[in-house]
Amino acid sequence: MVKNKYITALKFLFASLRLCVKTIAIFIFLQIISPSFLSAQVKFERRVIIEQDSFYAVEINRATQIGKLYIGNIRQPIDSAMVYALPAGARQRNLNPQPFAWTLHNDSIYCINATEYAMNSHVNSLKAIPLKNLLPYDSTENPTKLLMQAALANCRIKNMPLMETYKKYTYVDDMYYDILLFKGAVHELIAVKDELTVWHYSNGVWTSSDILPLRFTGPISVFALDDEMHILNDRGDELTYPGLKYLLSGITAEPTDMLLVEDRDNNTYAFVPAAWFSDTELTVKEILKKTK
Amino acid sequence: MKSFFLLLFSLIVFGFASSQNFEYDVAVNSVTFSGDNMYAIHKDDAYAYINNDYNWKDDGTTIAAAFPSGAYIQATATLTLTCANMPTDIYVRGTGPEGINFPSQHAAVGGSTITYPATASVIPFEENKVRYFEHFTIQWEISFDTIHWYAAGSSDSRVYVTWHDAATESPGTYGEFKYFLSVFHIACKNADGATTEEEIVEKVWSDFVDHSVLNYYDLPLHYYKDIYTFNVFLYTLLKDRDGECYTWAQLFLAALKINGISYPNNYLNITAAYMPNECGTPSASGFLVKTWTFVLPPAGNCDFMPYTNIWDYPSETDTSYLFMYEEVVDEPGILGQTAANPASVFGNHQLAIIGDKIYDPCYGVIYNSVDEIYENALSGWWYYDYGPESFAGIDINGDGDLDDDPWFNIFRLTDDVHAGEFDIYITSW
């Protein structure tokens, strides 16, 4: 009887070991072959936009500075999204993070190119890039062509707000900005030294707001909801503009670790931990369910 | 008499025995440094740390170590003694440079292997002094009684000593400032012996003035070896040995930061300001760094930017620009790092600020103000246009008319160094 017990225990042990070895083998196999594993490090920049059941998100290649635009169905795994090379991007700043400032409007991506490249000038940093012009992302491609395009192309609207801001504030360690298409007009919000300026572009002219006091020590983000402009600072304060009325943002974690999900189909928004999007086998729908 | 001969015999035998050290088959095999303040050094690529399993091996391989001044260096050593009757009590000691010695310790014996335990040097590195020991040579000895010592060979590896504790590393994989091997090399080799901040800045800067900055492996670092390099992070300059202005300003600042010298607002960016003009809106604009020679009279139709070059396709080789029509010729001018005629068409530039001076490590030049850059470094200004012959106002294909329709990449130029101006902004690196 005792002997049988030992035999049973040994059988169980060996079965467990086999299962364990099998699991490890499958895991190693998946690590080697699975694109989802390779893309598990995906970290999107600043926001995810949902429009007509598609999601749009941007990842920055930290080595090349170039952006990758993901476009996929919200009901299918993030892995299945098409990935396009964006002739714009950002670099990691040494002292303070400045997430890539981008938005979507009328089948074009609007963004502020913050790559570092010898041909760049601030005046050409505001980009309006038609989605139909984008090419699939090729990780083997030398990024020089895209960096050149980021410097010289898609810059019909001159980024005078950035030019003016650099002129006014020479020391810009704590400068942050974001971009928004609000009521059809490009808006650029720039915050420096607890001073916020809202710029908007209309009929070929840039106009600036008065300087607004806004406390922040990190990136700001802006989005539109119910015909109102909402501003979020790194402290988790959510304000409406004009007026800078404070709302409850519902952010309980570090805002810099969150992504703003703008669901334009349902006219809602949510703040979602950016890390949740690292599981690229999930759908955006499934990720958003976690917030409820 | 008998006693005398016995004594003489004993002396001969003892003397012979005590000269047996040359016959002890003992040799040091490896040495590993450690210490509370020893730096973890990155390879020149941002990702990995250099292997610190050992710093010297008897197969000739060496790995550098780095410490702040005032720190004690610890050493561990393994030696091999071939002996028929291996003694149980063996002592080991090491004599390093400048009195940085490693005291006698009772060594662990296992088979023929003797292990000198991790032991701090008897004195620390001199306080507040940069040092570069190209050969940190330690003469190792063994003893069986701590009285008679026998040579056991020497180890020899490179040791860097920084002036003060290095500034904290930047976070993230691609954070710009990390404790890179070649940054220690450039910082400590050049500033060897310096004891003040001013002296360190001057000595480190001197390495940039001769346009030949060498890395740990004595290989040159380049400024635009590839005319379209996209390297803008410090680690890319070190990894690929080629980089844009960003990386060179960062390298100079990093060599100071590794010595503990770091101030905010030390990173100057200059970019071409917006240039509206009567010849249409340029798609991009910027400045020409010396020397561009304006060899032909201007034939274009823009008074503001009277000279014209037409870009060829492709528009460059790895080392030079290509034009199908040129009134302005790019020639060697200001020397860049390991480059007689580096890239010179720019929209922006980066420099370092130390005190009230502006350092341009790409070219090894110091400016007292941004204004000096216009006169001393520029040949003129440029902007891009795109259009047919008629738009350029030049018979590009030389067929006697201006009605050819293919559009050209038009490079409009002026030799007026004050035609444009810099926007400047300053950040902390």
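Start with B:Lys239 and B:Asp240, whose side chains meet in a salt bridge at 3.3 Å, N to O. The term covers a side-chain nitrogen of Lys or Arg within 4 Å of a carboxyl oxygen of Asp or Glu. B:Lys239 is partly exposed at 41% relative accessibility, and B:Asp240 is partly exposed too, at 39%. For these labels, buried means under 20% relative accessible area, exposed means over 50%, and partly exposed is in between (1.4 Å probe, protein chains only).

Before moving on, some housekeeping. This is a predicted model, where local features need pLDDT of at least 70 and side-chain atom pairs count only at pLDDT 80 or more, while totals for chains, interfaces and linings use all residues. Residues are numbered from 1 along each chain as its sequence is written, chains are lettered from A and ligands numbered from 1 in the order in which they are written, and side-chain values use heavy atoms, with hydrogens and water left out.

Over all chains, the salt bridge count comes to 21. Next, select A:Lys167 and B:Asp423, a salt bridge at 3.4 Å, N to O. This pair crosses between chains, going from helix α4 (residues 160-168) of chain A to strand β25 (residues 422-427) of chain B. Helices (H or I, at least four residues) and strands (E, at least two) are DSSP runs, numbered from the N terminus. Which end of the pair is buried, with a relative accessible area of 5%? That's B:Asp423, whereas A:Lys167 is partly exposed at 45%.

Now stay in chain A and pick A:Lys245 and A:Glu228, bridged at 4.0 Å, N to O. A:Lys245 sits in strand β17 (residues 245-247) and A:Glu228 in strand β15, so the bridge ties together parts 17 residues apart in sequence. A:Glu228 is partly exposed at 30%.

Most residues other than glycine have a negative phi, and most peptide bonds are trans. A:Asn203 has a positive phi of about 50°; find it in the loop between β11 (195-202) and β12 (205-208), exposed at 78%. A:Asp226 also has a positive phi of about 50°, in the loop between β14 (221-225) and β15 (228-232) of chain A.

Finish in chain B. A cis peptide bond joins B:Lys290 and B:Thr291, with omega about 5°. The bond from B:Tyr313 to B:Pro314 is cis as well, omega near -5°, and B:Pro314 is in strand β16 (residues 307-316).
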